[in-house]
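I opened the notebook today to look at a ligand site and the parts of the protein around it. Here is what I looked up, entry by entry.

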Amino acid sequence: MKVTIAVIPGDGIGPEVTAQAKKALEAVAETYNHVFLYKEAQMGACAIETTGTPLPDATIEICKNADAILFGAIGDPKYDNDPTAKIRPEQGLLRLRQELGLYCNVRPVKAYEKLIKNSPLKKEVVQGTDIAIFRELTGGIYFGEKKLSKDKKAAFDVCSYSVEEISRVTHLAFKAAQDRRKKVTLVDQASVLETSRLWRKTVTEIAKEYKNVALDFMLVNTAAMQLILKPKQFDVILTENLFGDILSDEASVLAGSIGLLASSSIGEKNALFEPIHGSYPQAKGKDIANPLASILSAAMLLEHLGLHEEADAIERAVEKSLTLGITTEDIKGKNQYSATTSKVGHFIADYIANQEDSNMNFKNIHMGQSTII
Ligand code: IPM
Ligand code: MG
């Protein structure tokens, strides 16, 4: 299969982790006889530096014409600490989501057996957790009218949703639930918000088309609590843009490290894949960032293209790296021997390309003597 992949490394650790995901993709291409063409594009603080805008037109063009988009991270402390900045890196990503109509963001959260000890929650609480968060991505308060008053003493952000916006992401959430444990929890604030009441009404109607899927409702404050108290009760969580942003970061700690969570953002024509961890500027250039979320995003990208076996190969390699402890310091802890970003990427690519041969080196890995490391 010949596939064109737009690659946006972005800011902070984005370029380092994306490079590892590309290594994994290259190993897949060689092993399974595919041709992956990469078209590199700029977005974020790095694009502001070189072009004056966080999302150059050339990037939109490259993304529109690609079969899939692999994205690293966005953001720079320089802008975070300046509330008066008119141009911000994040505007690039928000505009790209809007331009490409990437309305459905999927964030799977899974407790890996090997990492349960890393979770801040008790083993019996977190073990077996397997949640897919479906976050609406192009509507709500993120995209409503916003304004700061002339005297700068008041401001507003409008949250609005249409039935159509709610419906399209809802259908995808229900379809996913059919292949999972057949439960959708709609998270909203229907006790207070008009938009949330429209969500409940619309989702209740649509649920009738999916008779084998159970639907329940939860207020967002309760959901924030229940995610920590009893995460196993959730299968698919369906929610609006802002709540999805907050809850998915909260849920990410369940997995033992935010460095493991991948995501996809799906539209009618385009799809973008990215780790959810953000730009982690403190780690930039140090070769210490966890590349697994980016590598797992590449697996989601392959899955989206219908390359299931290939996606499985990446996931198996990631599981293996966790089992063998070939992981970065966020998972290992600072005092234990940990691998660098690039070495984890190298191991994953090597395992995909020749799984049997890699076995020979496993016993040396912990001593740091393996040829892999
Ligand atoms: C995310 C990020 C973005 C968001 C930022 C970078 C605009 O936090 O993808 O979750 O809030 O949607
Ligand atoms: Mg976020």
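Before anything else, I noted that the domain bounds I use come from an automatic or database domain assignment. I also kept in mind that this is a predicted model.

**Entry 1: domains.** I looked up the assignment and found domain 1 (1-102 + 267-373) and domain 2 (108-255). I then took the centres of domain 1 and domain 2 over C-alpha atoms, and 25 Å separate them. For the contact, I found 13 residues from domain 1 and 14 residues from domain 2.

**Entry 2: the shell.** Which residues surround ligand 1? I listed Ile 74, Glu 90, Arg 97, Arg 107, Arg 135, Tyr 142 and Asp 245. Sorting this shell by class, I got five charged, two nonpolar and no polar residues.

**Entry 3: placement.** Where does ligand 1 lie relative to domain 1 and domain 2? Ligand 1 lies between them, because both domain 1 and domain 2 give residues to its shell. I also checked the pockets, and the space that ligand 1 takes is the second largest pocket.

- Tyr 142 has one at 2.6 Å from a ligand 1 oxygen.
- Arg 97 has one at 2.7 Å from a ligand 1 oxygen.
- Arg 135 has one at 2.8 Å from a ligand 1 oxygen.

Last, I looked up the cover: ligand 1 has 320 Å² of accessible area on its own, and the protein covers 78% of that.

Technical notes. Residues numbered from 1 in each chain as written. Chains lettered and ligands numbered in written order. Predicted model: local features only at pLDDT ≥ 70, side-chain atom pairs only at ≥ 80, totals over all residues. Heavy atoms only, no water. Near = heavy atom within 4 Å. Polar contact = N/O pair within 3.5 Å; in protein donor to acceptor, adjacent residues only side chain to side chain. Areas by Shrake-Rupley, 256 points an atom, 1.4 Å probe, with all protein chains shown as cover. 1 Å grid on protein atoms, 1.4 Å probe; cavity = no way out; pocket = protein on both sides within 12 Å on 5 of 7 lines; lining within 4 Å. Sits in = over half its atoms within 2 Å of the grid points. Nonpolar A, V, L, I, M, F, W, Y, C, P; charged D, E, K, R; others polar. Contact = heavy atoms within 4.5 Å.
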